[in-house]
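Take a walk through the model shown here. Start with the whole chain, then go to single residues.

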Amino acid sequence: SAAGDAAAGNAQSAMESMWTALAEVIGRRRVSEIPVDPTAIIRRSQNDVERYNQLCQRLPAWEDIPVLMEMLVAALYSRSAYGFTGR
């Protein structure tokens, strides 16, 4: 039935949401570093996303493509150097 399919879809969506939230809270932390109040971490990360989106909306459009390409190449080289020295 359509109602049963919708309920199953909602349950699947809820489970995926729970696993995503759990992964954000625990991440790659050790047990001693897991926050005591995971809901605060989720709330804060949602606020961070909202603030980031607001910041991006205020920024002017980037029009200098050659400079952007140079910045991307510099970022790639710096990341490569960081990875090489971190061995």
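Of the chain's 87 residues, 3% count as buried. Buried means under 20% relative accessible area, exposed means over 50%, and partly exposed lies in between, with a 1.4 Å probe and protein chains only. The chain exposes about 8,000 Å². Carbon and sulfur atoms supply 61% of that area. Accessible areas come from the Shrake-Rupley method with a 1.4 Å probe, and for residues only the protein chains shown count as cover.

This is a predicted model, in which local features need pLDDT of at least 70, side-chain atom pairs count only at pLDDT 80 or more, and totals for chains, interfaces and linings use all residues. Residues are numbered from 1 along each chain as its sequence is written, and side-chain values use heavy atoms, with hydrogens and water left out.

The mean pLDDT of the chain (the predictor's confidence in each residue, from 0 to 100) is 79. A value of 70 or more is reached by 83% of the residues. Confidence is lowest in helix H1 (residues 2-26), with a mean of 75. It is highest in H3, at 89.

Now the fold. The chain has 3 helices and 0 strands. Read from the N terminus, the elements run α-α-α. Helices (H or I, at least four residues) and strands (E, at least two) are DSSP runs, numbered from the N terminus.

Ile41 is found in helix H2. Ile41 is buried, because its relative accessible area is 16%. Ala21 counts as partly exposed, at 21%. Ala21 also pairs up with Thr39 for comparison: 18 residues separate them along the chain, and 9.0 Å separates their C-alpha atoms.

Stay in helix H2 (residues 38-58), which holds both Asp48 and Arg51. These residues are 3 apart, about one turn of the helix. Asp48 forms a salt bridge with Arg51, and the closest N and O atoms are 3.9 Å apart. A salt bridge is a side-chain nitrogen of Lys or Arg within 4 Å of a carboxyl oxygen of Asp or Glu. The search of the whole structure finds 1 salt bridge. Asp48 is partly exposed, at 41% relative accessible area. Arg51 counts as exposed, at 55%.

Trp62, Ile65, Val67, Leu68, Met69, Met71 and Leu72 make a patch of about 650 Å². Patches are made of residues with over 30% relative accessible area and no salt bridge; like charges are joined within 9 Å, and nonpolar side chains (Val, Leu, Ile, Met, Phe, Trp, Tyr) within 5 Å. Leu72 sits in helix H3 (residues 65-85).
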